[in-house]
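Morning, everyone. I'll take a few minutes on one model today, starting with a pair of helices and ending with a pocket. Have a look at it first.

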Amino acid sequence: MQERKILTTPLSDEVIRELKAGEMAYISGVVYTARDAAHKKMYDLLDGGKPMPFDFTGAAVYYAGPCPAKPGKPIGSIGPTTSGRMDLYAPKLMDQGLKVMIGKGLRNKEVIDSIVKHGGIYFAAIGGAAALMGKSVESAEVIAFDDLGTEAVRRLVVKELPVIVAIDSRGNNMYDEGRKKYQI
Amino acid sequence: MVREIQSGKITDLVEKLCIDANCNLTGDIYQCLRSCRVAEKSELGKEILGTLIENADIARRETAPICQDTGMTVVFVQMGQDVHITGGSLEEAINEGVRRGYEKGYLRKSVVRDPLDRVNTKDNTPAVIHYEIVPGDTFHLIVAPKGFGSENMSQLKMLKPSQGVQGVKEVVINTVSEAGANPCPPIIVGVGIGGTMERAAYLSKKALLRPVGEHNPKPELAQLETELLEAINKLGIGPAGFGGSTTAMAVNVLTYATHIAGLPVAVNIGCHVTRHAEGEL
């Protein structure tokens, strides 16, 4: 059995640079959830010259909106949502220092260009494996936009959240490469 | 003879089915994931299918939602014309069941009250309800909460009659190809052909309810389903979209009479969970 590659956040530029599209890894440490409504709010804050709800340096944003936590549990089921809906916002957030994104599905050219420009990375978690991923979460706390319910920004502490490098810092895209390999 | 059904019983049933559909993967899909794992050509694909099976096991054991997107609640009501609902409106009884099921089951509330102002209703209501009135005094419900990762990848085209079955195939394959990794493959593809625009869309959603492995009773449509499934699995999209030989588990086609001038085709994509649960009163 191959040893698990564990990445502890915040991720340094060096760690990001070494990761290659298609590699499996496990993320431990703090990740921040933000999806559609939170992205719109962060975008509006930026337009107004206001600070972001968390420090972007080395931070990982997880495109996810969890189920409610059962009593005694930190969180309910939590898997990734479709990242493409955040493509409109991602380049501007990357200009502010955000480098690590976790989600699922395809990204547009602007996002991939931005990943290359800033030396960022896009991880995919397995869509729909949400009960299993909920078990990776050790604690969760809402840190911004509480009124958004499931779409609020949460600070999660995760242990070995399973991910795959979908787009690496050079712009190599696992979705394209994987599909080409098995296309008949 | 009119048979009376208490609206409270309908609420109880909807509540139970909301939780059941979201936490228990149906046996047909579960078995299909297992056989797909054996047949899958990509090692990473096999691993992902294994993870999905493990996830379904955890969800069932803990009564936890399989996926955090517990959907917009679509309810198919098939009601005998000799049934009389007492104690309140049928629609409100169903919505109350959704409200209770989503609260009690710790399911995510994903519905906004208006598509443009986008304020969350915080109880997952209202449901999308389809009514079908049939002879007799039966009352049958299917609760099919629909996740939007796959719903957003669905398409509808109004083809010309001259485009025929070839045109239909192109629409289905292009829809799945463009969707790529987004709808959480391996997917189930619901195809509605004919009727009017809204009838085709309704059929494509209804087609998702058919158990994996069963085919349309018409041999030519069963053949079309088989051909489409083969073509889709040659696209290479694979489990979670990382490449592989398992992109779809099933293609289910339903048809209806249509107009001399038209050939509507709707493709509704269901993810690898494609939740649904049914019950009767």
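So, how do helix 1 of chain B and helix 4 of chain B lie to each other: parallel, antiparallel, perpendicular or oblique? Keep in mind that this is a predicted model. Helix 1 covers residues 7-23 of chain B and helix 4 covers residues 90-104 of chain B, and the two pack at an angle of about 40°. Their axes are 7 Å apart. At that angle, helix 1 of chain B and helix 4 of chain B are therefore oblique to each other. And the crossing of helix 1 of chain B past helix 4 of chain B is right-handed.

Who's touching whom? On the helix 1 side of chain B, the residues in contact include B:Ile10, B:Val14, B:Cys18 and B:Ile19. Helix 4 of chain B meets helix 1 with residues including B:Ala93, B:Gly97, B:Arg100 and B:Gly101. By class, that contact has nine nonpolar, five polar and five charged residues.

Okay, on to the largest pocket. What volume are we talking about? The space in there is about 1000 Å³. Its lining runs to 44 residues, and nearest the centre you'll find A:Arg35, A:Glu151, B:Ser110, B:Val112 and B:Arg118.

Which helix gives the most to the lining of the largest pocket? That's helix 2 of chain A, with five residues. Helix 2 (36-47) of chain A and helix 5 (148-151) of chain B each put in at least two. By class, the lining of this pocket has 17 charged, 14 nonpolar and 13 polar residues.

That's it from me.

Key. Residues are numbered from 1 along each chain as its sequence is written. Chains are lettered from A and ligands numbered from 1 in the order in which they are written. This is a predicted model: local features need pLDDT of at least 70, side-chain atom pairs count only at pLDDT 80 or more; totals for chains, interfaces and linings use all residues. Side-chain values use heavy atoms; hydrogens and water are left out. Axes are lines fitted to C-alpha atoms, for helices over the stretch in contact, and angles run from 0 to 180 degrees between N-to-C directions. Helices (H or I, at least four residues) and strands (E, at least two) are DSSP runs, numbered from the N terminus. Angles under 35 degrees count as roughly parallel, over 145 as roughly antiparallel, 65 to 115 as roughly perpendicular and the rest as oblique. A crossing is left-handed if the near helix is turned anticlockwise from the far one by less than a right angle, and right-handed if clockwise. Contact means heavy atoms within 4.5 Å. Ala, Val, Leu, Ile, Met, Phe, Trp, Tyr, Cys and Pro count as nonpolar, Asp, Glu, Lys and Arg as charged, and the others, Gly among them, as polar. On a 1 Å grid over the protein atoms alone, a cavity is a set of points where a 1.4 Å probe fits but cannot get out, and a pocket is an open set with protein on both sides within 12 Å along at least five of seven lines; lining residues have an atom within 4 Å of a point. Grid points are joined across faces, edges and corners, and a volume is the space filled by probe spheres set on the points.
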